[in-house]
Amino acid sequence: MNHRWMTSRERLRAALFSQPVDRLPGAPLMDGYFVSSLPKQGFPDMDLISAARYTRCDLLERHVFGPVEEIAGVAIRVEERPGGRRTYYETPVGSAYQENRYTGKTSYVSKHLVESIEDAKVFQYIAEHTSYRPRIAEFTAREAEIGDLGMATLSGCVSPVQEMLQVLGGVENTVYLMADYPDEMDALFAAMHERNKRQYAVLLEYPCDVVIDYEDTSTTVMSRSMFVNYSLPAINDYADMVHRAGKRYITHMCGKLTGFVHEIGSGRQDGVDSVCPPFTGDLYPWDARRIWGDSKVVVGGIDPPNLSRISEKEAVETALEIIEKVENKRGFLLSTGDAVSHGTPIGNLRAISN
């Protein structure tokens, strides 16, 4: 441990670079969805920064003013419809659309953008004509707002296959398209990968030490061979770019990981964020540290749904158990295994930090 008292900003940076810290960082993944539940807990005016100050946690803010995506030669039209909306993309090689249905305060994709090989060719054109514009002034202004309470982080593009699985096509469409049209899908993935590298090049212009790629990796979504053959090579390329700029590259993998935990450990990323135990995930942080060794930063350890249901006393006991079982704590950040659930008692976070 570093015996000099550190600010939260210094502590987080040191931990993410696997350097000595004055105490273990406590950095639950708080976001706007959690904060929106605080008025019902008696905190009507609390925002993310004041929540961090109240809980005394180390604020590792996510998704802060990344680059703006700009697509040339594509007409985008949004059509509001009863119970949902459609977003149309018109390109010189064809058109495609995505449909979202509203349900309560959220929505879900009822028709994916890429469901046929013709859709894939449309999105390949979109990827080939996408560029990025930085928002560095906005990022640095937010950093100044956060101050010593923590640090802002940037979000990097996910690997092409993960974007297909999570956003563009869904699992079923992606698997069938890859099986039926391997050459065409490889061309699409190559175009998306080059687009992603353009985004990472812009990210590296920012005065930011840490880039997080939100892969959301899980064996519930992809096979080991899909991870090894498609995800991992892209992750390694992005890691190399980030390292050349002297920054740290963390992959957010909040799902069930034990099915290819060793393959994850072979990647060139500096660490894994939101390592989640059962029942949301299936990997305990002490096992992650044992399998990956001390070279990988490990962020996570607390199951978010469980944290939302237990008492303050139980929350402290859970945290202490994790801290005790993670043997080498350098490069370990105690956090939730993905976002703090909406409605989680803020007292649980405060009790853990204290």
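1. In which strand is Glu-90 found? Glu-90 belongs to strand S4. A word of caution before going on: this is a predicted model. The relative accessible area of Glu-90 is 37%, so the residue counts as partly exposed. Setting aside neighbours within four places in sequence, Glu-90 is in contact with Gly-73, Val-74, Ala-75 and Ser-95.

2. On to the pockets. The largest pocket has a volume of about 770 Å³. Its lining is made up of 31 residues, and those nearest the centre are Glu-69, Cys-157, Val-158, Glu-163 and Val-167. Sorted by class, the lining of the largest pocket has 14 nonpolar, 10 polar and seven charged residues.

3. Which element gives the largest share of the lining of the largest pocket? That is H6, with four residues. Several elements supply at least two residues each, including strand S2 (68-71), strand S4 (84-91), strand S5 (94-103), helix H4 (117-128) and helix H8 (182-203). Strand S7 (130-133) and strand S9 (154-156) are also among them.

4. The second largest pocket holds about 290 Å³ of space. It is lined by 22 residues, of which Gly-26, Ile-323, Leu-334, Ile-352 and Ser-353 lie nearest the centre. Two or more lining residues come from each of helix H13 (312-325), strand S14 (332-336) and helix H14 (346-353). The class count for the second largest pocket is 15 nonpolar, five polar and two charged residues.

5. Next, the cysteines. How many disulfides does a search of the whole structure find? The search finds zero. Cys-157, one of the residues nearest the centre of the largest pocket, is in no disulfide, and the nearest cysteine sulfur, in Cys-208, is 15 Å away. A disulfide needs the two sulfur atoms within 2.5 Å, so at 15 Å from its closest partner the sulfur of Cys-208 is too far for a bond.

6. Are these two cysteines buried or exposed? Cys-157 has a relative accessible area of 13% and is buried, and Cys-208, at 2%, counts as buried too. The cut-off for buried is under 20%.

7. For helix packing, have a look at helix H7 (residues 170-180) and H8. Their axes come within 5 Å and cross at roughly 115 degrees. On the H7 side, Leu-177, Met-178, Ala-179 and Asp-180 meet Pro-182, Met-185 and Phe-189 of H8. By class, the residues of this contact are six nonpolar, no polar and one charged.

8. Two threonines are worth a click. Thr-130 sits in strand S7, and its relative accessible area of 3% makes it buried. Leaving aside neighbours within four places in sequence, Thr-130 is in contact with Glu-69, Glu-70, Ile-71, Arg-195 and Arg-198.

9. Is Thr-217 buried or exposed? At 0% relative accessibility, Thr-217 counts as buried. Neighbours within four places in sequence aside, its contacts include Gln-162, Phe-227, His-252, Cys-254, Lys-256 and Phe-260. Met-222, Met-253, Gly-255 and Leu-257 are also in contact with Thr-217.

10. Finally, some backbone geometry to check. Pro-278 and Phe-279 are joined by a cis peptide bond, with omega about 15 degrees. Phe-279 is placed in the loop between strand S12 (271-275) and helix H11 (285-292).

11. Which residues other than glycine have a positive phi? Ser-274 is one of them, with phi near 65 degrees; this residue is in strand S12 and is buried at 0% relative accessibility. Asp-338 is another, with phi near 100 degrees. Asp-338 is in the loop between S14 and H14 and is partly exposed, with a relative accessible area of 28%.

Technical notes: Residues numbered from 1 in each chain as written. Predicted model: local features only at pLDDT ≥ 70, side-chain atom pairs only at ≥ 80, totals over all residues. Heavy atoms only, no water. 1 Å grid on protein atoms, 1.4 Å probe; cavity = no way out; pocket = protein on both sides within 12 Å on 5 of 7 lines; lining within 4 Å. Points joined across faces, edges and corners; volume = space filled by probe spheres on them. Nonpolar A, V, L, I, M, F, W, Y, C, P; charged D, E, K, R; others polar. Buried < 20%, exposed > 50% of the residue type's maximum accessible area, 1.4 Å probe, protein only. Axes fitted to C-alpha atoms, helices over the stretch in contact; angles between N-to-C directions. Contact = heavy atoms within 4.5 Å.
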